[in-house]
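Open your viewer, keep the sequence panel handy, and let's take a walk through this model together. Each stop tells you what to select and what you will find there.

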Amino acid sequence: MRSSGGAAIPMQQELKNKIKYLVGDEDMAETVHQAECREPFSEEIVDFLDMFSRMIRKDREAREYPDIQTYGFWCRKASILEMKQEYCRLEDRIGRGMTFHIAPSNIPMMFLFSLTVSLLAGNPNVVRISSREFVQTGIVCRILRALLAEPGNEWIRRMILILQYPHDDRITEAFSERCRNRIIWGGDASISKIRETKLSPWAIDLPFYDRFSLSVIQADEYLKAENPDRIALDFYNDTYVTDQNACTSPQLVVWMGKQVNEARERFWRCLNRVVLERYPFQDIQAVDKLAAACRFAISHEEGRLIRENMALCRMELDRLPGDLSWYRCPGGYFYEYHAKNLDEIGKICSVDTQTISCFGIKDKEILSMVKRNHCMGVDRVVPVGDTMDFGLQWDGFDFIYSLTRVVG
């Protein structure tokens, strides 16, 4: 909360007692918003993240989790400096101020990516993560605490507070009124509820809602592929690794070309092998998929449910309904359609469409389709296998530009 003079009113002890501090402590809850901002991609922060990357990649426990290693590779110095090349006139910018992150509950490492982009923009941070327990969270927070405790890191120790607390609008409001930026990851309903809490008048919201993604595969090119098993594995990583919960995970597979029947038979057969070898299927998921199929069938007549097994189900469509995003189901449930041209896809790319992954089709063709059809959605076009690659541009926002201010 804030007084009329703008100084932060201390948070009630009753609320502080509800907070579990994973990185940082209770005192930081009152001071983190006062930490100094820095210029984007400051040398000190880049070096700090590079050291964090090295510690992650060397840690024996962290090496057992691919998503942790993905982050460790992404935040190394060479990678960050490559991302910096995309920006110009950064000398006129400085961080806006404390960023309050509300992380999603279904992607374990997203809180760390969110924290990192704000650090790169030069901001101090409060990160609220879900009370849901993930092994990855404990590992990376342990490594981060050790790094922050090293001599010489006092300056950045003041910029990072990671915590958990049960749903409590008063705590959310207390941090919201202190922040200059608020990044919210979550479902539509949860984000709408959070946005009802008070926000300081000079703060901005960056909300990342539920989104719908799809894959487009050119059948003739797929059949020419030297290693179809590799493509199936790439698609598996895009979908099953996150139980298809990530907004980037394709829910719809669109086939194009002449040899669609042969291509999709091979594709699903290859994917099924990977799923049976790697995916820890749970019985409740079978119930969820059958329920999703029934919900779709009640309103649509054009679908036929095909089951390789209950870990891999697909609904074959005769046409593309505009409300397909309402019938999503995680854990290996896909819609499938044979399109005669890309413009058929453009008709369903509404505001909630995020990523189109493709194989055998050039990015430029997809981008031309988006422009030609004046699509309200589609923020990313990437190859199959790259949907989970995080970047400084996400859902149409540029984190560096959004989280910094221009001075001049």
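How much space lies in the largest cavity? About 70 Å³. Before you select anything, note that this is a predicted model, in which local features need pLDDT of at least 70 and side-chain atom pairs count only at pLDDT 80 or more, while totals for chains, interfaces and linings use all residues. Residues are numbered from 1 along each chain as its sequence is written, and side-chain values use heavy atoms, with hydrogens and water left out.

**Stop 1: the cavities**

Select Ala-103, Pro-104, Ile-107, Pro-108, Phe-111, Ile-129, Ser-130, Arg-132, Phe-134 and Thr-137, which line the largest cavity. (On a 1 Å grid over the protein atoms alone, a cavity is a set of points where a 1.4 Å probe fits but cannot get out, a pocket is an open set with protein on both sides within 12 Å along at least five of seven lines, and lining residues have an atom within 4 Å of a point. Grid points are joined across faces, edges and corners, and a volume is the space filled by probe spheres set on the points.) This lining has seven nonpolar, two polar and one charged residues. (Ala, Val, Leu, Ile, Met, Phe, Trp, Tyr, Cys and Pro count as nonpolar, Asp, Glu, Lys and Arg as charged, and the others, Gly among them, as polar.)

The whole structure holds two cavities of 30 Å³ or more.

**Stop 2: a pocket**

Now pick Asp-188, Asp-210, Ser-325, Trp-326, Arg-328, Val-351 and Asp-352, the lining of the second largest pocket. About 190 Å³ of space lies there, and its lining divides into two nonpolar, one polar and four charged residues.

**Stop 3: aromatic pairs**

A search of the whole structure finds 30 aromatic pairs. (Rings of Phe, Tyr and Trp, the last by its six-membered ring, pair if their centres lie within 6.5 Å; planes under 30 degrees apart count as stacked, over 60 as edge-to-face and the rest as tilted.) Show Trp-74 and Phe-390: with ring centres 5.8 Å apart and planes at 70°, the pair is edge-to-face. Because Trp-74 lies in helix α4 (residues 66-74) and Phe-390 in the loop between β14 and β15 (393-394), the pair ties together parts that are 316 residues apart in sequence. Trp-74 and Phe-390 are both buried (under 20% relative accessible area, with exposed over 50% and partly exposed in between, for a 1.4 Å probe and protein chains only).

Next, show Phe-208 and Phe-399, a tilted pair at 5.6 Å centre to centre and 40° between the planes. Phe-208 is buried at 2% relative accessibility, and Phe-399 is buried at 0%. Ring pairs link a cluster that includes Trp-74, Phe-208, Phe-390 and Phe-399.

**Stop 4**

Finally, colour strands β13 (residues 353-359) and β14 (residues 380-383), which run parallel and are joined by four bridges. (Two strands pair if DSSP finds at least two bridges between them.) Look for Ile-356 opposite Val-381 in β14.

Conventions. Helix = DSSP H or I, 4+ residues; strand = E, 2+ residues; numbered from the N terminus.
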